[in-house]
2 protein chains.
Amino acid sequence: MGDLLAAVRPAAQRTPISGIIRTANYGRAKGPDVIPLWAGEGDLPTPRFIAEAAAKALYDGETFYTHSRGIPELREAIAGYYEDQFGRPFDPDTFFVTGSGMQAIQLCVALTVGHDEEILIPTPSWPNAAGASTVIGANPVVVPMDEDGGRWVLTVEALERALTPRTRAIFINSPANPTGWTATREEMEALLAFARANELWIIADEIYSRYIWTGATRAPSFLDIAEADDRILWVGTFSKNWAMTGWRMGWIHAPLALKQTLENLIQYSTSGVAPFMQRAGIAAINDGEWFVKSMIERAREGRDIVSEALGGRNRVVYAPPDGALYAFFKVAGIESSQEAAFKLIDEAMVGTAPGTAFGENGEGYVRVCFLRSKDSLSTAMTRIVNYLDSLG
Amino acid sequence: MGDLLAAVRPAAQRTPISGIIRTANYGRAKGPDVIPLWAGEGDLPTPRFIAEAAAKALYDGETFYTHSRGIPELREAIAGYYEDQFGRPFDPDTFFVTGSGMQAIQLCVALTVGHDEEILIPTPSWPNAAGASTVIGANPVVVPMDEDGGRWVLTVEALERALTPRTRAIFINSPANPTGWTATREEMEALLAFARANELWIIADEIYSRYIWTGATRAPSFLDIAEADDRILWVGTFSKNWAMTGWRMGWIHAPLALKQTLENLIQYSTSGVAPFMQRAGIAAINDGEWFVKSMIERAREGRDIVSEALGGRNRVVYAPPDGALYAFFKVAGIESSQEAAFKLIDEAMVGTAPGTAFGENGEGYVRVCFLRSKDSLSTAMTRIVNYLDSLG
């Protein structure tokens with residue numbers, strides 16, 4: 001058996017196990033009494049009207065091969081959604097439907113970063129961007145973010161220190177998972193200037209843009225400042241806004257010049273997304289605005305619950321995040337985040353994600369997702385706090 | 001715009017447009033009167049009982065993240081299906097659910113063939129195996145099959161000629177798309193001996209194994225002869241047997257030693273398949289044997305219709321295929337398969353796939369898929385034959 005593993009491609013062997021998955025597997029084995037805050041998803045299933053749109057299309061026989069880059073009606077719906085968000089028209093041909101936001105990231109890396117070339121990944125970071133890079137043969141390069149009192153920030157100076165002649169792209173996730181860092185417009189302008197000056201692609205992951213806690217209605221976006229010839233690719237997903245995490249459906253927004261190349265990459269990766277699922281995506285966008293607003297409100301309340309539980313506590317370093325769905329906090333005395341996550345499952349019956357799942361500089365931290373019902377989240381936070389208190 | 005395209009990764013730029021897709025796009029634009037035989041799919045939608053299983057799971061809220069490598073119940077169902085086919089037990093942990101057979105191939109290449117390493121691809125071949133290799137940074141190396149009177153065969157000698165120190169894998173598709181070549185057990189043993197001697201992985205695409213026209217109940221398989229330590233990966237799909245082409249759901253069967261590595265590759269590519277779709281996969285396998293048998297019968301009748309239309313005709317070189325769903329025939333006087341495919345759409349209102357979509361040595365050929373209702377297929381073949389007659 002070992003011989004077979006040794007015979008696989010070294011880059012595949014190097015692909016790490018996700019620390020989130022490892023913890024979730026451990027927690028699932030403990031049974032349903034563990035409150036699962038380890039994943040980046042809420043506790044509501046996909047709303048009925050979206051499921052019905054998929055079922056109707058299924059019964060109507062929309063089960064054949066279709067356009068690799070997505071059916072025109074869905075690409076038009078996504079373009080309309082962007083028009084609503086950004087107040088100007090978008091060309092449906094600049095949108096490419098993908099089999100998850102995860103695949104969108106992998107395709108963007110495949111499009112821009114080759115063998116032995118580098119992509120800068122600010123960390124702590126959702127581990128899958130680095131994982132996707134490794135799978136595709138690119139080298140992810142860690143760029144440590146600065147931290148002060150639980151607030152994290154990405155500076156251009158940190159990116160400059162990581163830059164080499166082989167750097168091809170930067171992965172910018174704002175609002176950020178797990179840190180909640182949300183670039184201001186000025187910070188985005190500085191990042192864009194840095195990318196332009198060094199001829200780097202930006203892979204912009206702005207999927208949490210509407211989960212923003214600064215008083216704005218959406219987070220600043222590279223779409224607010226980009227020019228037509230900028231090297232920027234945006235990844236998107238149905239997962240977070242419409243409670244469709246399990247569907248594996250997302251999209252890329254890319255310059256029109258890349259249309260045929262991206263279509264080819266999709267064709268040779270998964271060859272598109274089920275047409276009946278795409279019908280559900282249309283329903284989500286066209287009829288789901290009320291639901292998105294309710295999700296944002298649910299997250300806002302969740303953030304308050306978590307902040308009340310953690311704020312001002314001894315031993316805990318925590319700052320309420322500017323955006324996204326996560327509390328990322330440090331606990332004095334935790335030497336191993338992974339051990340702490342296991343113990344929180346065993347002794348507090350709460351599943352968290354260990355900070356080390358997001359990079360070495362996440363050591364000492366744990367992440368909880370607060371997109372959850374008040375009752376369940378309050379119970380979870382009480383359990384966590386009691387456990388922390390029990391540590392003395 | 002051109003500058004942006006020039007700025008993408010060279011391997012991505014090199015990814016070719018699929019000749020099948022190009023032709024299908026051309027044909028779809030002509031409207032619904034074109035009979036579409038260009039794709040590898042039939043004309044029946046997914047049966048109702050499979051759609052219902054997906055809808056039920058959707059309404060039951062199976063819309064959350066789930067196991068990257070597939071839910072246990074589906075992996076058990078697939079293992080049971082293999083037990084039925086091969087008469088011995090299979091470990092469910094050796095099956096990995098993927099977002100299409102296409103993705104299964106891409107993951108197998110990612111697992112075995114690195115940058116500047118080579119995978120041997122016998123051609124004429126479905127173009128996506130080579131496309132997936134290019135996307136992942138590997139070099140596909142064409143191995144021309146031998147042809148005689150419309151019958152194609154892959155020889156070990158041809159593979160030996162293509163072998164270099166950088167060769168890591170062979171893609172073996174039997175029964176083959178588009179040629180219908182179906183390896184005998186003896187040929188498989190020779191291929192396996194060659195792979196063993198040269199420490200190559202075999203990526204075995206046996207998805208047409210039950211579409212076999214030699215009198216056998218299934219085609220010979222590497223599973224009939226493989227030992228536990230052989231470097232073989234099998235790709236599978238729900239597409240062809242259960243009329244689920246549009247679903248994008250398949251699987252890999254791989255040695256247990258690769259379990260964690262393959263799970264990681266899936267995690268960082270699409271992170272799994274929607275759980276409600278997987279429920280449909282369970283229904284297909286556990287309750288769909290009658291449907292698979294009806295599909296095989298439909299294809300058998302389709303093969304007869306095509307063979308009657310093409311057999312013994314002047315200008316046409318055609319041999320009834322031993323397996324799979326395609327007639328791949330040469331027409332004297334056709335200088336450009338792509339031109340011929342366009343003309344068949346324009347003048348005969350039939351969509352075929354040009355032979356060049358499957359490799360340079362497909363020039364002069366066209367492919368039709370015969371998994372179709374008798375009436376529609378008979379009409380299509382009459383149109384094709386009349387068009388060929390009109391060429392004089």
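This is a predicted model: local features need pLDDT of at least 70, side-chain atom pairs count only at pLDDT 80 or more; totals for chains, interfaces and linings use all residues.
Which residues of H4(A) are buried?

**Entry 1: helix H4 of chain A.** I looked up burial along the helix and found A:Ile50, A:Ala51, A:Ala53, A:Ala54, A:Ala55, A:Ala57 and A:Leu58 buried. I then asked what these residues pack against, and found helix H11 (275-287) of chain A together with helix H4 (48-59) of chain B.

**Entry 2: after the helix.** I noted that A:Gly61 follows H4(A) and has a positive phi, near 85°.

**Entry 3: domains of chain A.** I found chain A divided into domain 1, made of 2-46 and 290-390, and domain 2, covering 56-287. I read a distance of 23 Å between the C-alpha centres of domain 1 of chain A and domain 2 of chain A. In their contact I counted 40 residues from domain 1 of chain A and 34 residues from domain 2 of chain A.

**Entry 4: the domain 1 side.** I looked up which elements each supply at least two residues to the side of domain 1 of chain A that touches domain 2 of chain A: helix H2 (10-14), helix H3 (19-28), helix H12 (289-310) and strand S12 (326-331) of chain A. H12(A) gives the most to this side, with seven residues. By residue type, I found that this side of domain 1 of chain A divides into 22 nonpolar, 11 polar and seven charged residues.

Conventions: Residues are numbered from 1 along each chain as its sequence is written. Chains are lettered from A and ligands numbered from 1 in the order in which they are written. Domain bounds come from an automatic or database domain assignment. Two residues are in contact if their C-beta atoms, placed from the backbone, lie within 7 Å. Helices (H or I, at least four residues) and strands (E, at least two) are DSSP runs, numbered from the N terminus. Ala, Val, Leu, Ile, Met, Phe, Trp, Tyr, Cys and Pro count as nonpolar, Asp, Glu, Lys and Arg as charged, and the others, Gly among them, as polar. A residue is buried if 20 or more other C-beta atoms lie within 10 Å of its own, exposed if 12 or fewer, and partly exposed in between; C-beta atoms are placed from the backbone.
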